[in-house]
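Hi,

Here is the structure I said I would pass on to you. Please have a look at it, and then read on for my notes.

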Amino acid sequence: MLEIRNLHKKFGQNEVLKGIDLSLKSNEILSILGSSGSGKSTLLRCIAKLENSQYDELRCGSNVGFMFQNYALFPHLSVYDNIAFALNKLSKKEADDKINELLAKFGIQGLKDKKPDQISGGQAQRVAFARAIAAGAKLLLLDEPFSNLDQGLKQALRVELKDMIQKEGLSAIVVTHDIDDAYYLSDKIALIDGGKILDIGTPNKLFYSVKDEKSAQMLGGLNYIHSDLTSQDKFFDWIKSRNNIFAYSEIYMGGEFEANVISKSFIGLFYKIELEYKGIRFYTLWPSCLEISNSVKFGFYN
């Protein structure tokens, strides 16, 4: 579906993308995760040919549709005319037939005469989706589709968006700074920082086989132990086997090791607990329905 090799992009003397390699299969969803200024949105615009770039290969086997941040619906146009904007190369009858087909498919027939400020967030997402694929796109590019939304609405729209992508048989690339978006939507996640891809893999493999501290910071929920673990200790040996990086979720309550509780933060379903064991500190998540004493037994999952 998509192959990119050694892609570079400069703005003046500032190189914002530095040798990007990416591939995407048909019906696959890839999230590009990074902070502001990491180059993720510029990469998306280069794939869509909205920005010029230099590369050894940039091959796409499909038409490309683009869903902009906050959907970017034209406020002065109706739902019908927003979708029609993507079909200006068709005759009026062909465009009418296609728009009515899309309105029916996404359950928004009753909204066709409404303006964007007269519809809900979920309805706006469906309109933007319909517009993006109206011209036959099989690769959908999405730039921060859930930015500035409250958490409840964001969760509902994630479910609907993934369902629409899968039902339409699309491939998709989602740019986001939100790790929860990436985990929920993606078959693969690429971590980008400073214009370079740091790591790429399935969500589970990426999380439990982290390469380095920077990747661990981006993914969250991971401990990175800076201390030199020299003493003979079964727990320390396990940490070293994990490249000094392990997940909060890999530490369970009960077991052969004893640690002091340094701090305990209630975060709903869980306590985020900071433990100290033989001079090293690390975090774990344990159910918030439990009583946590000042000293606890713990173990780790192999």
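Below is what I found, starting with how the values were made.

This is a predicted model, in which local features need pLDDT of at least 70 and side-chain atom pairs count only at pLDDT 80 or more, while totals for chains, interfaces and linings use all residues. Residues are numbered from 1 along each chain as its sequence is written, and side-chain values use heavy atoms, with hydrogens and water left out.

Let me begin with helix 5. Helices (H or I, at least four residues) and strands (E, at least two) are DSSP runs, numbered from the N terminus. Helix 5 covers residues 151-167, and its 17 residues reach 25 Å from first C-alpha to last. That is close to the 24 Å expected at 1.5 Å a residue, where the expected span is 1.5 Å times one less than the number of residues. Its buried residues are Lys154, Leu157, Arg158, Leu161, Lys162, Met164 and Ile165. They sit on the same side of helix 5 because they cover an arc of only 160° around the axis, taken from the directions from the helix axis to the C-beta atoms. Here buried means under 20% relative accessible area, exposed over 50%, and partly exposed in between (1.4 Å probe, protein chains only). The face turned away carries the exposed residues Gln166 and Lys167. Among the elements covering the buried residues are strand 3 (29-33), helix 4 (121-133) and helix 6 (179-185). Just after helix 5, Gly169 has a positive phi of about 65°.

Next, the salt bridges (a side-chain nitrogen of Lys or Arg within 4 Å of a carboxyl oxygen of Asp or Glu). The structure holds 22 of them. Arg158 in helix 5 pairs with Asp181 in helix 6, with the closest N and O atoms 2.6 Å apart. Both partners are buried: Asp181 has a relative accessible area of 3% and Arg158 one of 7%. Within helix 3 (residues 92-105), Lys93 and Asp97 lie four residues apart, about one turn, and their side chains form a salt bridge at 2.9 Å, N to O. Lys93 is exposed at 59%, whereas Asp97 is partly exposed at 42%. Arg5, Glu57 and Arg59 are linked in a network of salt bridges.

Finally, Glu250 lies in the loop between strand 11 (245-247) and strand 12 (251-266) and is buried, at 8%. Its contacts (heavy atoms within 4.5 Å) include Tyr208, Arg242 and Tyr301. Tyr301 is partly exposed, at 46%.

Best wishes

Note on methods: Lists of a residue's contacts leave out its neighbours within four places in sequence.
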